[in-house]
Amino acid sequence: MGRTLAEKVWDDHVVARAEGEPDLLFIDLHLVHEVTSPQAFDGLRAAGRGVRRPDLTLVTEDHNIPTIDIDRPIADPVSAEQVRVVRRNAEEFGLRIFSMGDRENGIVHVVGPQLGLTQPGMTVVCGDSHTSTHGAFGALAFGIGTSEVEHVLATQTLPLKPFKTMAINVEGALPAGVTAKDVILAIIAKIGTGGGQGYVLEYRGEAIRSLSMEGRMTICNMSIEAGARAGMIAPDETTFAYLKDRPHAPKGADWDAAVAYWRTLVTDDDATFDAEVTIDATTLTPYVTWGTNPGQGLPLSASVPSPADATDEVAKVAIERALDYMGLTPGTPLRDINVDMVFVGSCTNGRIEDLRAAADVLRGRHVADGVHMLVVPGSVKVREQAIAEGLDQVFVDAGADWRYAGCSMCLAMNPDKVPSGKRAASTSNRNFEGRQGPGSRTHLVSPQVAAATAVAGHLASPADLEG
Amino acid sequence: MEKFVSFTGVAAPLRRSNVDTDQIVPAEYLKRVTRTGFADGCFASWRKDPGFVLNQPAYREAQVLVAGPDFGTGSSREHAVWALQDYGFKAVISSRFADIFRGNSAKTGLVTAIVEQDGIEQLWKLIEANPGVAVTVDLEHRVVRCESVTLPFEIDDYTRWRLMEGLDDIGLSLRHADAIDAYEARRPAFKPTTLAG
């Protein structure tokens, strides 16, 4: 019987298999950042263990670092200490690290792909749930906890229980103005935040195939918001073209051997998935979230839902609570919701294509009075590229705040926060209570909707700005 | 890791779904570099509300949490598990857990018992009718008991065995050191390394 893409990658990494035990899988790439690693290194020291494969490990600083004044010491002493500790650990264990101020620095999930380190058929892990991003290349990539970080550092393997497979078929062509972010928000709204639990998702269909690698990364990035540890897209010519000549991509004969292998990484015609979901891409429109989990999303043209719409008591309570936290009234058109802040950036939408999309909307326009718009590239390299293309000037001319690279306003671990009670349209991945700062209210949107919202002062799509 | 066979303690009813890890421990607390001392971060935002369940005298000493579906969604932060453990929780009962949270719990000895939502509703009613009532999470027999009610719970054989024995995962994997060596020897040459140029 045929196998799915995920099963092929899994099978190619089995180190040991025994009845009644999880498979022991080899890990090809271990990405490390400052937040989830200090206790893992402590564990190694306590047990007298070293890092088995420093050459398959890469460290970055991203969550804590400020996006202004990066040439000065980090002001917050607790953040500064966490960064100091990761540097000390990298040095002690002989690991390559991209520190704040380094030209290769950036968000861990932006840095890996841009270096060509993320390749089809690899296993990629990081102590970060958005590691699912790397699945866009046909890698099996997932977030792990700190105990598992320690486990991978010590053994370069992980014991893993088998997962189920789910096909997400996005059929037909995407209408103009509909982006990867809208697709994934629509998928999560359909299957729910728990819909993918226990599954590896494989995104398939014409709409997925037509996406750039940046768009595919946006989709796979948010697999975890549907409860799935990993999401994957089969590699194709788009993938190979993106990888060719990147610093860590195979060269010469190795490239040919790699591509020959990568071409085998497709789900066989006679393979079966444990579950299948189909989405009609032709009916999609820009999506935004209204509530406090990423499954609480609707088309921008819709209105704030009512608890009376709920199908059961648990859902009813969830809607009531979300409306109360978000300060919203049922029946309000989503387009009538005013925002105080707009954030373009994060591992979901902080790549060059995202910045281009936001700049295209902002060109010749201005951010509305009273709205603070933050534009934060996902890496130093993305920032340099944006500057080379003149995008920085577009942002500055439009009145946006153009910053250095980092996780920034996605998660309230650095100085970029949404103040309590303020409302943000954000291209990040989580609209949880307090995610962007205590008391912050978040609406998840695409870069295009973020830029249009900044100009209009309320949730809006670029089409709303025309005429 | 401490062995877990069966535990009986005060249970708190958390009538919320989608309790994400940002609620279990807000990001601000993740800046710490230690492995312990996260008790104050546990549900830090919600605990500011005097009406929050853990602020009620009967539940202040709770060690078993009975929560709505999709508990532990979001971030992979193991700090969420540490915060629950540091606060005093030994087990969480829910109809559905996020995968990464559940895996992290298994690594550090917090038992996550999957009980169907009907059973969760029964537990909530029993606990609220008699605040401070004890609930037993019996890992050996895979049941949750409260007064006259006994509910089966789901946990896989391997995790159950490891929790009951209190075994260290890294040690278990290193039994396969020869297999890891052999695998490394046959990895394709085109696989990348992180080394500079």
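Predicted model: local features only at pLDDT ≥ 70, side-chain atom pairs only at ≥ 80, totals over all residues.

Biologist: What makes β2 and β8 of chain A a pair?

Modeller: Two strands pair if there are at least two bridges between them. β2 (residues 23-26) and β8 of chain A have 4 bridges, in the antiparallel sense. So they count as paired by that cut-off.

Biologist: Why are β1 and β8 of chain A called edge strands?

Modeller: The open sheet has 3 strands in the order β1-β2-β8 of chain A, with antiparallel pairing. β1 (14-16) and β8 (157-160) each pair on one side only. That makes them the edge strands. From one strand to the next, the twist averages 40 degrees.

Biologist: What lies across β1, β2 and β8 of chain A?

Modeller: Helix α7 of chain B, residues 177-185. The helix runs at about 150 degrees to β1(A).

Biologist: Now α14 of chain A, residues 380-388. Which residues in α14(A) are buried?

Modeller: V380(A), V382(A), R383(A) and A386(A). Buried means under 20% relative accessible area.

Biologist: Why say that the buried residues of α14(A) line one face of the helix?

Modeller: Look down the axis of α14(A): the buried residues fall within an arc of 160 degrees, so they line one face. Their cover includes α4 (108-114), α13 (352-362), α15 (391-397) and β17 (401-402), in chain A.

Biologist: What is the phi of G390(A), which follows α14(A)?

Modeller: Positive, near 75 degrees.

Notes: Residues numbered from 1 in each chain as written. Chains lettered and ligands numbered in written order. Heavy atoms only, no water. Helix = DSSP H or I, 4+ residues; strand = E, 2+ residues; numbered from the N terminus. Axes fitted to C-alpha atoms, helices over the stretch in contact; angles between N-to-C directions. Contact = heavy atoms within 4.5 Å. Buried < 20%, exposed > 50% of the residue type's maximum accessible area, 1.4 Å probe, protein only. Arc of directions from axis to C-beta.
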